[in-house]
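Q: I would like to learn how to read the side-chain packing in a model. Please take the features one at a time.

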Amino acid sequence: MLTRRLLQLFLGLAMYGISLALFIRAGLGLDPWDVFHQGVAGRTGLSIGLVVIIVSFLVLLLWIPLRQRPGFGTLCNAVLVGVFADIGLALIPAFSHLGGQAAMLAGAVLLNGIASACYIGARFGPGARDGLMTGLARRTGWSVRLSRTLIEVVVLAVGWLLGGSVGVGTVVYALAIGPLVQLLLPVFMVPAALPAEPDSQGRDDAGSVTPEPLASNG
């Protein structure tokens, strides 16, 4: 099970980075966070993959007051998505024909949905940006939907002001990615480990004695 989870995590993060490269090469607009990443990259001269990595670790600093703890998958996400985004940009050509751009956009959305379901389903912890959203919701009492909307409106506006690409792809992503991940997540979700069932002698499947439950101290 661990081998499957690791393979699924790394494959999901690689596909996520490649999907970002496809979005950029399609030239029809990016999702809110990547509008921000592209805007920062354009202003600083850094590669967009490097910007994704830097922003990921800066967002992780915001987890501290929210009392969020990163998992193994969180740290892998912070590094690998940016690495594979730059690899994808080095390999994937841009399209100037609208038909090719539309096909690339559709492929980017589909690949992003599969990638998201893969790395979430591996159960190694959320990405930095998702953790910021859920941590903010928990600490403020806001709904996750409200927290996500506020965060993404802010980063989209700042990214657009910095020169990031906003367009039909931004709208398509916003409308399609939620239903797509919801559809695919059951396929890739790794079942949670269940405790072994004790036999009549109070032993679990590994042969160890099942301890008596500890008394609650209230």
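Q: How many disulfides does a search of the whole structure find?
A: A disulfide is a pair of cysteine sulfur atoms within 2.5 Å. The search of this predicted model finds zero. Local features need pLDDT of at least 70 and side-chain atom pairs count only at pLDDT 80 or more, while totals for chains, interfaces and linings use all residues. Residues are numbered from 1 along each chain as its sequence is written, and side-chain values use heavy atoms, with hydrogens and water left out.

Q: Is Cys76 buried or exposed?
A: Buried means under 20% relative accessible area, exposed over 50%, and partly exposed in between (1.4 Å probe, protein chains only). Cys76 has 11% relative accessibility, so it counts as buried. Cys118, with a relative accessible area of 4%, is buried too.

Q: Which residues touch the most other members of the largest nonpolar core?
A: A nonpolar core is a set of buried Ala, Val, Leu, Ile, Met, Phe, Trp, Tyr and Cys residues joined through side-chain atoms within 4.5 Å. The largest one here has 51 residues, and those touching the most other members are Leu9, Phe23, Trp33, Val59 and Leu132. Elements giving two or more residues to this core include α1 (2-26), α2 (32-44) and α8 (168-188). Helices (H or I, at least four residues) and strands (E, at least two) are DSSP runs, numbered from the N terminus. With ten residues, α1 supplies the largest share of the core.

Q: What does Val59 touch, not counting residues up to four places away in sequence?
A: Contact means heavy atoms within 4.5 Å. On that basis Val59 touches Trp33, Ala128, Arg129 and Leu132.

Q: How many aromatic pairs are there?
A: A pair of aromatic rings is described by the distance of the centres and the angle of the planes. Rings of Phe, Tyr and Trp (its six-membered ring) pair if their centres lie within 6.5 Å; planes under 30 degrees apart count as stacked, over 60 as edge-to-face and the rest as tilted. The count is five. For Phe23 and Tyr173 the centres are 5.7 Å apart and the planes at 75°, so this pair is edge-to-face. Phe23 lies in helix α1 and Tyr173 in helix α8, so the pair ties together parts 150 residues apart in sequence. Trp33 and Phe36 also form an edge-to-face pair, at 6.3 Å centre to centre and 85° between the planes.

Q: Which residue lies over the face of Trp33?
A: A charge sits over a ring if NZ of Lys or CZ of Arg is within 6 Å of the ring centre and within 35 degrees of the ring normal. Arg129 lies over the face of Trp33, at 5.3 Å from the ring centre.
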